[in-house]
Amino acid sequence: MHIVAIVSWMAGLFYLPRLFVYHTEYPENGKMLEIMEEKLFRVIMQPAMHMAIFTGVLLLCMPGYIVAPWVHAKLTCVILLIVVHFCLGSWRKQLKQGVCSKSSKFFRTINEIPTLLLILIVIFVIVRPF
C-alpha cells in the first residue's frame, strides 16, 4: 500500500508543475487548467500523500527500522517532498486567483525537484548506503 500511495503521489508531483507551465504560457486555457489542477491536487495528490505518510508511519513502527541511518536520510527527503507538495498547492491557488508571479521557466525548474528527491529516496531504500 505504501508503494501504491508513493507512486500516485509522485505522479501528481511530476504532473502538476507541468500544468502550471501550460497555465502560465497559455492563459487563455486558464479555466480548463484550473479544473485539471484542482482535481489532480485534491482528488489524487492529497489522498495519496496522506496514505503515503500513514503507511510510512506504520513502517517506522517495525522493530529496528527507525534506528537505521538510511531511514533518517529518506525521511529528510520525504519532508522536502511534503514541502514541495504544499508549495505547489499554494502556487495553484495563486494561479487560480491570477496573482502568481512565477514564470513557466520557474515551474520547469521546480518540476525537477521531485525527480531528484525520488532518486535519492530509491538509493537510500535499495542501497542503504549508511
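Keep in mind that the model is predicted: local features need pLDDT of at least 70, side-chain atom pairs count only at pLDDT 80 or more, and totals for chains, interfaces and linings use all residues. Residues are numbered from 1 along each chain as its sequence is written, and side-chain values use heavy atoms, with hydrogens and water left out.

**The overall picture**

Let's start with the whole chain. Its secondary structure comes to 5 helices and 0 strands, so from the N terminus on you read α-α-α-α-α. Helices here are DSSP runs of H or I with at least four residues, strands are runs of E with at least two, and both are numbered from the N terminus. Taken along the principal axes, the C-alpha atoms fill a box of roughly 55 × 25 × 20 Å.

Of the 130 residues, 38% count as buried. Buried means under 20% relative accessible area, exposed means over 50%, and partly exposed is in between (1.4 Å probe, protein chains only). A contact means heavy atoms within 4.5 Å. Among the contacts with a separation of 6 or more, 77% are between residues 24 or more positions apart.

**Helix α1**

Helix α1 covers residues 2-25, which is 24 residues. From its first C-alpha to its last it reaches 35 Å, close to the 34 Å expected at 1.5 Å a residue. That expected span is 1.5 Å times one less than the number of residues.

Which residues of α1 are buried? They are His-2, Ala-5, Trp-9, Met-10, Gly-12, Leu-13, Leu-16, Pro-17, Leu-19, Phe-20, Val-21 and His-23. What covers the buried residues of α1 includes α2 (30-60), α3 (69-97), α4 (104-110) and α5 (113-126).

**Two pockets**

How do you find empty space in a model? Rolling a probe the size of a water molecule over the atoms shows where empty space is left. On a 1 Å grid over the protein atoms alone, a pocket is an open set of points where a 1.4 Å probe fits, with protein on both sides within 12 Å along at least five of seven lines; lining residues have an atom within 4 Å of a point. Grid points are joined across faces, edges and corners, and a volume is the space filled by probe spheres set on the points.

For the table, Ala, Val, Leu, Ile, Met, Phe, Trp, Tyr, Cys and Pro count as nonpolar, Asp, Glu, Lys and Arg as charged, and the others, Gly among them, as polar.

| Pocket | Volume | Lining residues by type |
|---|---|---|
| Largest pocket | about 340 Å³ | 15 nonpolar, 1 polar, 2 charged |
| Second largest pocket | about 240 Å³ | 13 nonpolar, 2 polar, 1 charged |

The second largest pocket is lined by 16 residues, and the closest to its centre are Ala-52, Gly-56, Leu-60, Leu-75 and Val-78. Helices α1, α2 and α3 each supply at least two residues of that lining.

The largest pocket is lined by 18 residues, with His-2, Ile-6, Lys-74, Ile-121 and Val-125 nearest its centre. Here α1, α3 and α5 each supply at least two residues, and α1 gives the most, with 6 residues.

**Residues to look at**

Arg-92 lies in helix α3. Is this arginine buried or exposed? At 4% relative accessibility, Arg-92 counts as buried. Not counting residues up to four places away in sequence, Arg-92 touches Phe-20, Glu-37, Glu-38, Phe-41 and Arg-42. Arg-92 and Glu-37 are 55 residues apart in sequence, yet 7.0 Å apart in space, C-alpha to C-alpha.

Glu-112 is found in the loop between α4 and α5 and counts as partly exposed at 44% relative accessibility. Its C-alpha is separated by 22 Å from that of Glu-34, 78 residues away along the chain.

Now for the cysteines. A disulfide is a pair of cysteine sulfur atoms within 2.5 Å, and the count comes to 0 disulfides. Cys-100 counts as buried at 18% relative accessibility, while Cys-61 counts as exposed at 60%.
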